[in-house]
Protein chains: 2
Amino acid sequence: MTMLIVQKYGGTSVADAGCIMRVAERIVQSHRAGHKMVVVLSAQGDTTDILTAKAREIAPDPSKRELDMLLVTGEQQAVALMAMAIHKLGAPALSMNAVQVGIEATSLYGNARIRRIRPERITRALELNSIVIVAGFQGVNRYGDMTTLGRGASDTTAVALAAVLGADVCEIYSDVSGIFTADPRIVPVARKLPCISYDEMLELASMGAQVLHNRAVEMAKRHRVKLVLRSSSRFDDEGTEIREESTMEKLLFSGLAVDRDVARISVMGLVDRPGLAYHVFSLLAKEKISVDIILQTAGNGQTKDISFTVAHEHLDAALKVLETNREQIGFDMTTYDTQVAKLSVIGAGMTTNYGVASSMFEALYDCGVNIHLISSSEIKITVLIDENAADRAARAIHEKFTQLMQD
Amino acid sequence: MTMLIVQKYGGTSVADAGCIMRVAERIVQSHRAGHKMVVVLSAQGDTTDILTAKAREIAPDPSKRELDMLLVTGEQQAVALMAMAIHKLGAPALSMNAVQVGIEATSLYGNARIRRIRPERITRALELNSIVIVAGFQGVNRYGDMTTLGRGASDTTAVALAAVLGADVCEIYSDVSGIFTADPRIVPVARKLPCISYDEMLELASMGAQVLHNRAVEMAKRHRVKLVLRSSSRFDDEGTEIREESTMEKLLFSGLAVDRDVARISVMGLVDRPGLAYHVFSLLAKEKISVDIILQTAGNGQTKDISFTVAHEHLDAALKVLETNREQIGFDMTTYDTQVAKLSVIGAGMTTNYGVASSMFEALYDCGVNIHLISSSEIKITVLIDENAADRAARAIHEKFTQLMQD
């Protein structure tokens, strides 16, 4: 059966001429099997970092427009080289940058969103039996300027193209061969999932399992694009499919993620009045500080405490904003802790099933891990624990849930 | 007086962050003096060679379309970095690639010609007082694909922009600070010319004085663009101005050039009949072999000899074409000589003044140099001599003409 396949290969998959030839062979193989192929590439290896360093050598905080103008050349080079490699294997190929594809994006340099894709040129090339190689990570805004879609956004380019072209599948190749029930480096018995739902994937991704760009998953969910994560080193391995529902029956447990890039901040003795949380978090938002787990104590009637987590890089800025506005907000003191980790368990129907949360807490209790904060959603339970207990806790929870599922 | 100035800086002038800052200061200086500035850049240092090598690592003869797609990234990187450098100095700047400028070119990848430039976006940016930094060497064809304009064609981009924008002057900065009466490495007493005519410059350039891209000079002549060659290492040095007429009175002698990349071929004993030269040279043209000095002997009534020169790289092909078609053309034998050099003297009114040619021949005779071929045009006399006599001959002729001009 002829399919329209969109594939995306990351920077390490096209790092040098040898890698490019290997990927080219994979692409040509699918093309020879009769499939129509659209391939999205990132820049080679650490090209984007090298270009960013070149810019910072000239100006520590370069114009975002000019930085985008510079960075998009990385992907353009990769697609041109890939087209040459495919030609060498005797197959037709055409490289395209965002202007040529017609990837219209918003104007926000460095972090633009795709507004629309005009697929006419790709469609025409596919009709002529050509393989189309598209520069990921980039778009054109309404001024005709190049914009980039944010770090790792080549995934988003691939999914957007798959949606617009009505592709049968969008395959994302990376050095992660699929989604595991936990990080195999921490939990050796972790196993690869044959499939997972969009929502579970979103929770996993936001929890630090840096496998797939979150916006890509959101877009895939919205447009019902069938996503498959595959290994770029072992092409023939089965990957993990991301789709509407993970299985016919709801999986209790589909994954566990640990995020160490997290610091806990507590604001103590907040005067209890309406808009309390608003006051605190609007100030942080103004400074572009993202906060995660938020927990507000019930309080003693007069004052309350609010705790939340931020990424390490935002800790200093967050503390500064709070101190600067202590009078206005009205609180006694702040405390913080950087030696913490977030541990999340993801699975459909997590919190609608009593057993799940308590099993998690039981596992943590059994291995003597103290819980600082707890947060939960429909399909996720997250705890904040001491960083040095994270691996032990992950293994204990994984074992517990694997047992539960076998029961 | 406010002027519209187009400047072009070559690859060595923007090779690293330090060079870029230096050039940025020069540009901002002119901008602060009230001038409107459009700056054309080549790719940094040997970027184009590095990219070409990357392509050849994948395919020895890569698709020209894809090679252009790859190569144009070099200039795009340079203009983005330059805009950042200018911002750092507190001046407004906007980088543009060929798509953004609207440089429409023919489809011939690797060697396209500029068809039209739509200057609206540049004009708008200049009205907003911005410095505009344009990627040289590139154009867009009617399919929306990137094409390159041939090696060294950033000069052409600069002149074309100057013509379209009606610039007051087009300054070409390179490591050659102007046009000298001879190569100072060969003729130490050679002096820099304050000005030279377009035609003289064209003759000099085609004779191997690789200072300025020939198409750029031709275009400047056609559109009456005032060109100035200046030093990129000593910005304050006076350069050489290239304009309609070199001075009010015709200069007898404006330069001397030596070209060693030349081989002489003679076709002996050609049967004398109409179309003789046509037969020989149409066959060479079909093989894309450029011939230079052509000389046909008066002959003895039955047979004639034709001699001409080609670049070394074309010698084998030229001899092969001639041998293959010996029957059809009708000649006895071919001879050739690679140990020769072309020595040309350029100046307005060269051949309309008896004294000039004879002075040249006298100088050669005085230093014992034998002349193989002679060719002359309105403003040039060229002789083919032994290669090992070229330096000696150049010095002798330079001395002779300098004397003549002082008389």
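1. A helix in this note is a DSSP run of H or I that is at least four residues long, and helices are numbered from the N terminus. By that definition, R395(B) belongs to helix α13 of chain B, which covers residues 390-406. The model is predicted, and the points below should be read with that in mind.

2. Leaving aside residues up to four places away in sequence, R395(B) touches I186(B), V187(B) and P188(B). Another pair involving R395(B) is given by its C-alpha distance: V176(B) is 219 residues away along the chain, and the two C-alpha atoms are separated by 20 Å.

3. How are the two chains related? Chain A is superposed on chain B by a rotation of 178°, with 0.0 Å of shift along the axis and an RMSD of 0.6 Å. The two copies are thus related as by a two-fold rotation axis. In general, a rotation about an axis and a shift along it relate two copies of a chain. Here the shift is 0.0 Å.

4. Which residue of chain A comes closest to the rotation axis? That residue is T73(A), whose C-alpha lies 2.9 Å from the axis. As for the interface, 100% of the interface residues of chain A are also interface residues in chain B, so the copies meet through the same surface.

5. Helix α3 (residues 64-88) of chain B packs against α3(A), with the axes 8 Å apart and an angle of about 170°. An angle over 145 degrees counts as roughly antiparallel, and α3(A) and α3(B) are therefore roughly antiparallel to each other. The residues of this contact divide into 18 nonpolar, 8 polar and 2 charged.

6. Within chain A, helix α3 (residues 64-88) also has a contact with helix α2 (residues 47-58): their axes come within 9 Å and cross at roughly 150°. That makes α2(A) roughly antiparallel to α3(A). The crossing of these two helices is right-handed. On the α2(A) side the contact is made by T47(A), T48(A), L51(A), T52(A) and A55(A). On the α3(A) side the residues are L67(A), L70(A), L71(A), T73(A), G74(A) and E75(A). Sorted by class, the contact of α2(A) with α3(A) has 5 nonpolar, 5 polar and 1 charged residues.

7. Are α6(A) and α8(A) roughly parallel or roughly antiparallel? Helix α6 (residues 154-165) of chain A packs with α8(A) at an angle of about 10°, and the axes are 8 Å apart. Angles under 35 degrees count as roughly parallel, and α6(A) and α8(A) are therefore roughly parallel to each other. The crossing is left-handed. From α6(A), the residues D155(A), T156(A), V159(A), A160(A) and A163(A) meet R215(A), A216(A), M219(A), A220(A) and H223(A) of α8(A). By class, this contact has 6 nonpolar, 2 polar and 2 charged residues.

8. Two loop residues have a positive phi without being glycine. R224(A) has a phi near 55° and is found in the loop between α8 (214-223) and β11 (227-231) of chain A. R224(A) counts as exposed, at 56% relative accessibility. The other case is N129(B), with a phi of about 70°. N129(B) lies in the loop between α5 (120-127) and β6 (131-135) of chain B, and is partly exposed, with a relative accessible area of 44%.

9. Two helix residues complete the note. Y365(B) is in helix α12 (residues 354-366) of chain B and is exposed, with a relative accessible area of 68%. Y365(B) is 24 residues from A341(B) in sequence and 16 Å from it in space, C-alpha to C-alpha. Q328(A) is in helix α11 (residues 326-329) of chain A. Q328(A) is partly exposed, with a relative accessible area of 48%. Between Q328(A) and H279(A) there are 8.6 Å in space, C-alpha to C-alpha, and the two are 49 residues apart in sequence.

Technical notes:
Residues numbered from 1 in each chain as written. Chains lettered and ligands numbered in written order. Predicted model: local features only at pLDDT ≥ 70, side-chain atom pairs only at ≥ 80, totals over all residues. Heavy atoms only, no water. Axes fitted to C-alpha atoms, helices over the stretch in contact; angles between N-to-C directions. Parallel < 35°, antiparallel > 145°, perpendicular 65-115°, else oblique. Left-handed = near helix turned anticlockwise from the far one by under 90°. Contact = heavy atoms within 4.5 Å. Nonpolar A, V, L, I, M, F, W, Y, C, P; charged D, E, K, R; others polar. Buried < 20%, exposed > 50% of the residue type's maximum accessible area, 1.4 Å probe, protein only. Least-squares fit on C-alpha atoms with pLDDT ≥ 70 in both.
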